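Hi everyone, thanks for making time this morning.

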Amino acid sequence: MYWYEEGEPDGRFIGNTKKYSIYGSHYNSSIEPIHEKSAERKPEEFIFAYGPSTGGLMESVGLDILTPGEKITSISVDPNYKLRKIKVTGMSIEDALLRIERINGFHSASHSICFLRAVEDAIQIDVPDEVQLNRIAQIETERIRSHLLVIQKLAESAGFGVPVNQLSLIREKVSRIIGTQSGHRYFFAVNSVGNSRFMMDKLQEKLHEVIVDFRKIYDGLMESKLFLNRLQNNGINKDPESTGPAARGSNIRHDARNELPVLPYDLLDYFPIIRDEGDAFSRFMIRSDEIFQSFDIIKKINATAGSESMDYDLEKSSGTGMARIESPSGDLFYSVEIEKGNVVDIGMISPSWRNVLSFRKSMEGNIFTDFHFNWESFGIWISELGVDLS
Amino acid sequence: MKNGIWFLKGVRKGVKTEKFPKTGPVEIAPWSTEIKGSGEANCPTDAITNGKWDMTKCIFCRRCFPNYEPTGNHEIFTVSEKMHQFRRSFYIYPLDSGACGACNTELHALTAPQYDMHRLGIFFTNTPRHADAIVVMGVWTKGMEEPLKRAYDAMSDPKMVILMGACAISGGIMGEGALKSGEYNVEIGGCPPNPYTILAALLRARGD
């Protein structure tokens, strides 16, 4: 394995697969216990059940909110109402990939590329930089769309109709750009071992229009005190192990893009954006700044990147591999064991797992009207939580 | 900025809504439209048998390419029963039975100015009690079986059940379909269905 080695727990804790505890660049077979604090219910408190199916949430999830009335004492999140059992072991790499792409459809590029990097690590394929840069362009385009959705949901929570519609307009433009460049609006069937089908031609100029529009919306939101007041001091995150924009908004420099060379971000002079407030406003700011930054990254990638197509003999390939990348919501990790071209073991750690833990901690002591702002600001996807790959 | 400025910003932006369905789709991703061709398909979901394409099973994985290609026809849906009562006002309740998130965001995209489903009298509702139709997305999951049944029971008559996407209809490549044959009125093909397809299906379902 190129990026991970077995060793004592070292560096920050990423999470557990069924077989290993995963750290910054080590894995260990003694599983780290996860301590989740459960609040004691006082006589004046009751549980307000929200979900699993409600129009206020994009996905099905069960939320039990312990409250004496307005203040939220604690909140528990049950992602398993829509638990999907997805069997990928025993399948060829290509068949497994069809299912991996659909673990979180909205972050499909991140999931498929991370899985493929783990596979390529296992079977020791040296993928050309051109293809890797093309994959970075996919992930950064996906990040732009994902962050736009989160900001749209924040504006929606504040009842700001005009920015909601304008953000929705440009999010749809990004979906159409992805559809034109790859043939599919969610990057399905775009990536394969050592290859990519994402066209870079005219990508920069198409995204430029989106970024110009976003700048105007962002400037307007930054001058809207009603919007900013709803985010500031809401859901302060102090979790030292948090991930993604939630970490970087809390002055925690966690970013797989400059921690592991799984993808060649070093060729693009990447640096993480950090803020120190830790609240929903900070997470909004990180996401806004990352939209501009992702576009700058894409501008640095050559328009011909990824145009070559190579064939690899997968049927005789065997090995074990691990990879971690920075999805729009944070650390995404895959481990795979390949035997004669078939997946015989797989492990996955999603950023939403850590984000739910951080969300729960940050919600304690807030009030009901803060809930939607805080929930949306973490960018949690239940689809990548309620999934069983065994 | 005073908040009233947002109104002016909105007006200055102009009308961005497309003329669909009076005119065809402005821009559509090819691998979300009808597939046609002949020869070997190498289909992982048996969506192509004897040269015939079944939109209820297709996950648009492109393994059939180049023998089979997308035609650009977005009308990949079936409506077994039209309900004209909903022509002026059609409230839909989305229910995620086990979706990957792609169907969820494509359905959500119908409120984008390009489509603006509200101009056509179609609205989301946050409760099944106010819903004319329930839109089910994703594969069958044990945990969502009861919420789906309760949501359906909470709806008043007449009511409609719409299955959206290959997962909900046939299970696609991820599992079993959300409902059995005969338990729904509309099937919308796609993985995920394109917003144009969803909008066209909703309009057809209410008799347009």
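**A sheet in chain B, then helices and strands in chain A**

Let's start with one pair of residues: Tyr93(B) stands opposite Ile134(B) in E8(B). Keep in mind throughout that this is a predicted model. That pair belongs to strand E6 (residues 90–98) and strand E8 (residues 133–138) of chain B, which run parallel and are joined by six bridges.

Now zoom out a bit. What is the order of the strands in the open sheet of six in chain B? Going across, you read E5-E10-E9-E8-E6-E7, and the pairing is mixed. At the edges you find E5 (77–79) and E7 (122–124) of chain B, and each has a single partner strand, so one side of each has no neighbour in the sheet. On average, neighbouring strands here are turned by 25° against each other, ignoring direction.

Helix H3 (residues 142–154) of chain B lies across E6, E8 and E9 (160–164) of chain B, at about 165° to E6(B). Helix H5 (residues 195–205) of chain B lies across E5, E6, E7, E9 and E10 (186–188) of chain B, and runs at about 10° to E5(B).

Okay, over to chain A. In chain A, the axes of helix H3 (129–157) and helix H4 (residues 161–182) come within 9 Å and cross at roughly 160°. Angles over 145 degrees count as roughly antiparallel, and H3(A) and H4(A) are therefore roughly antiparallel to each other. Their crossing is left-handed. By class, the contact has 11 nonpolar, four polar and three charged residues. Among those on the H3(A) side are Ile144(A), Leu148(A) and Arg145(A), and the H4(A) side includes Leu167(A), Ile170(A) and Arg171(A).

Next, H10 of chain A, residues 371–378. Why is this helix described as largely enclosed by the rest of the structure? Because seven of its eight residues are buried, Trp375(A) and Glu376(A) among them. The buried residues of H10(A) pack against helices H3, H6, H7, H8 and H9 of chain A.

Last stop: a hairpin. Strands E13 (residues 330–339) and E14 of chain A pair antiparallel over seven bridges. Two residues sit between the strands, and Lys340(A) has a positive phi near 50°. Met91(A) brings us to E9(A), residues 91–92, which joins E14(A) through two bridges, running antiparallel.

Key. Residues are numbered from 1 along each chain as its sequence is written. Chains are lettered from A and ligands numbered from 1 in the order in which they are written. This is a predicted model: local features need pLDDT of at least 70, side-chain atom pairs count only at pLDDT 80 or more; totals for chains, interfaces and linings use all residues. Two strands pair if DSSP finds at least two bridges between them. Helices (H or I, at least four residues) and strands (E, at least two) are DSSP runs, numbered from the N terminus. A residue is buried if 20 or more other C-beta atoms lie within 10 Å of its own, exposed if 12 or fewer, and partly exposed in between; C-beta atoms are placed from the backbone. Two residues are in contact if their C-beta atoms, placed from the backbone, lie within 7 Å. Axes are lines fitted to C-alpha atoms, for helices over the stretch in contact, and angles run from 0 to 180 degrees between N-to-C directions. Angles under 35 degrees count as roughly parallel, over 145 as roughly antiparallel, 65 to 115 as roughly perpendicular and the rest as oblique. A crossing is left-handed if the near helix is turned anticlockwise from the far one by less than a right angle, and right-handed if clockwise. Ala, Val, Leu, Ile, Met, Phe, Trp, Tyr, Cys and Pro count as nonpolar, Asp, Glu, Lys and Arg as charged, and the others, Gly among them, as polar.
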